[in-house]
Amino acid sequence: DSQLVGGLAGAPVPLSFPASYRFTIGDIWFEGALSLKGRNAELNINRMKWFSRDPDFELQQLAGTISVEPSLTSVKDLVIQSRNSYVELDASISRSLLEGMPPLPGLRDDSVSLRLTSRNVDYGELSRFLTYIPRGRGAAAIRCDADGPFGNLRVSRLNVVTSRSSVEVRGTVSRLHTPENLHLDAWIEPSRVTLSDLDLFIREIPEDVLSPDLPIGVKGHFVGLPLDFTTDLELDGDFGRVSGRNNLHLNTTPPAYSGSYEMDGFNPGLLFGKEFPRTLLNGRMELQGEDFDPERMKTNFFLILDSSRFRGYDFDALQANGSMSSGTIDAEVHGSSGRTEADASFSARLAGDTLSVHNADFSVASLDLSMLLQDSLYRSDITARGRVSFTASSVDDLNARAALALLPSRFRGHAMEADSISFVLDQDDPRRTLLRLTSSMAEVELDGAFDLDLLAEMAESRFAGLVRAVGGY
């Protein structure tokens with residue numbers, strides 16, 4: 001029994017990755033031969049194996065030939081096999097490494113060749129030695145072919161396949177000899193990705209933000225520095241198609257970004273794990289801003305949709321533009337559907353889980369409620385304008401004030417005269433709720449302890465019954 005202690009705990013850490021674990025290996029078995037002749041050396045490994053108790057890992061086989069000549073170092077027919085992984089490697093560099101690896105800048109013009117094939121790489125085994133790999137269960141098959149000068153390496157193929165994803169990339173890695181100036185020019189060939197597979201690189205896919213098990217078709221282009229780059233991406237799947245260009249400048253203070261996107265039959269609910277039934281969006285969106293902290297973010301946006309549907313409601317056009325600054329969104333919206341025209345302008349702030357809207361002005365002309373509510377009982381032609389303010393994190397602490405000016409309209413063929421309607425809901429006192437509705441036709445006030453959810457359900461039921469009762473008149 002021989003014992004060797006190894007690891008990278010004291011070595012310089014590349015980029016921002018944490019250092020690897022220290023580990024102890026034992027029961028080393030080696031069969032092979034070493035030959036030295038002048039400046040030439042060759043190591044033939046027929047078989048090498050060992051195991052590690054902490055972390056638990058067993059190298060079942062390592063075989064291959066490592067040769068060094070005055071102007072060439074090569075690894076041929078290298079096989080690495082563990083309990084759950086299998087890798088084959090052929091690689092070379094046009095210099096002798098017999099005396100060690102020189103500083104990276106000295107490798108700039110050296111010719112490099114790499115052929116790596118892995119039938120299986122187990123994430124669990126990999127994460128025991130590379131601490132920045134967070135994955136537990138899972139595995140991938142990998143193929144990588146690369147050639148060229150070390151400072152301008154051409155990757156002709158990088159293919160990663162998991163049980164649910166397949167990604168193929170080609171491109172050029174420039175300035176590899178100066179990692180701080182690394183430049184990438186990569187093309188993502190038509191591929192298919194399941195978001196949950198990305199947590200090989202991302203510690204946790206937020207399930208409340210994205211649908212982790214949704215398969216997504218991907219193709220695109222990435223060019224630039226790791227922290228200053230442009231991407232062109234096209235995504236497609238059951239959610240429709242989204243394409244766009246992003247410019248990210250993460251090496252500035254504050255970081256800056258811009259983007260332009262197109263949507264074709266897009267249902268955001270399917271992509272983001274929300275319930276948006278019967279939704280198809282067609283149009284484009286543009287944004288430009290700086291910083292990612294909601295309290296410091298400054299962003300301008302523009303959205304235009306045409307011939308779209310949201311939750312079963314069809315509309316011909318919708319246009320929105322505005323800005324977000326210090327957690328506040330200021331926006332103007334215009335929409336049309338058939339004869340219906342609607343406009344709104346508002347200022348909204350989201351602090352934690354509380355949404356506040358102050359003095360939102362809106363107007364609507366020729367609104368047909370039957371189209372909005374998907375029920376012919378509510379056929380109408382309503383024109384109105386108003387203003388509303390509210391704060392809420394849920395219906396239980398909703399406080400609102402609204403004033404509505406109803407202009408001459410029609411409801412189920414009956415004329416409705418102009419009227420003014422005001423609405424107040426005050427739930428500041430958890431033991432007491434005030435609800436007041438005032439118009440020329442009626443005045444309603446509820447003051448006391450009652451459940452607003454049950455009241456809303458009852459009002460909806462009674463109103464629907466009333467409409468049906470008068471439907472024949």
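**Notebook: surface, strands and rings**

I looked up the surface first. The accessible surface of the protein chain is about 27,800 Å², and carbon and sulfur atoms hold 56% of that. The areas come from the Shrake-Rupley method with a 1.4 Å probe; for residues, only the protein chains shown count as cover.

I noted what I am working with. This is a predicted model, where local features need pLDDT of at least 70, side-chain atom pairs count only at pLDDT 80 or more, and totals for chains, interfaces and linings use all residues. Residues are numbered from 1 along each chain as its sequence is written, and side-chain values use heavy atoms, with hydrogens and water left out.

**Whole chain**

I checked burial next. The protein chain has 473 residues, and 32% of them count as buried (under 20% relative accessible area; exposed is over 50%, partly exposed in between, with a 1.4 Å probe and protein chains only). I then looked at contacts (heavy atoms within 4.5 Å). Among those between residues at least 6 apart in sequence, 38% join residues at least 24 apart.

**Strands**

I found four helices and 27 strands in the protein chain. Both are DSSP runs numbered from the N terminus: helices are H or I with at least four residues, strands are E with at least two. Two strands pair if DSSP finds at least two bridges between them.

I followed strand 11 (residues 183-194). Strand 10 (residues 166-174) runs antiparallel to strand 11, with seven bridges joining them. V169 has I188 in strand 11 as its bridge partner. Strand 11 also pairs with strand 12 (residues 215-225), again antiparallel, over nine bridges. There, A186 stands opposite F222 of strand 12.

**Rings**

I counted four aromatic pairs. Rings of Phe, Tyr and Trp (its six-membered ring) pair if their centres lie within 6.5 Å; planes under 30 degrees apart are stacked, over 60 edge-to-face, the rest tilted. One of the pairs is W50 with F57, tilted, at 5.8 Å centre to centre and 50° between the planes. W50 and F57 are both buried.

Another is F239 with F266, edge-to-face, at 6.3 Å centre to centre and 90° between the planes. This pair links distant parts of the chain, 27 residues apart. F239 is in the loop between strand 13 (228-237) and strand 14 (240-249), while F266 is in strand 15 (residues 256-266). Are F239 and F266 buried or exposed? F239 is buried, at 0% relative accessible area. F266 counts as buried too, at 9%.

**Charges over rings**

I last looked for charges over rings (NZ of Lys or CZ of Arg within 6 Å of the ring centre and within 35 degrees of the ring normal). K49 has its charged end over the ring of W29, 5.5 Å from the centre. R119 has its charged end over the ring of Y86, 3.9 Å from the centre.
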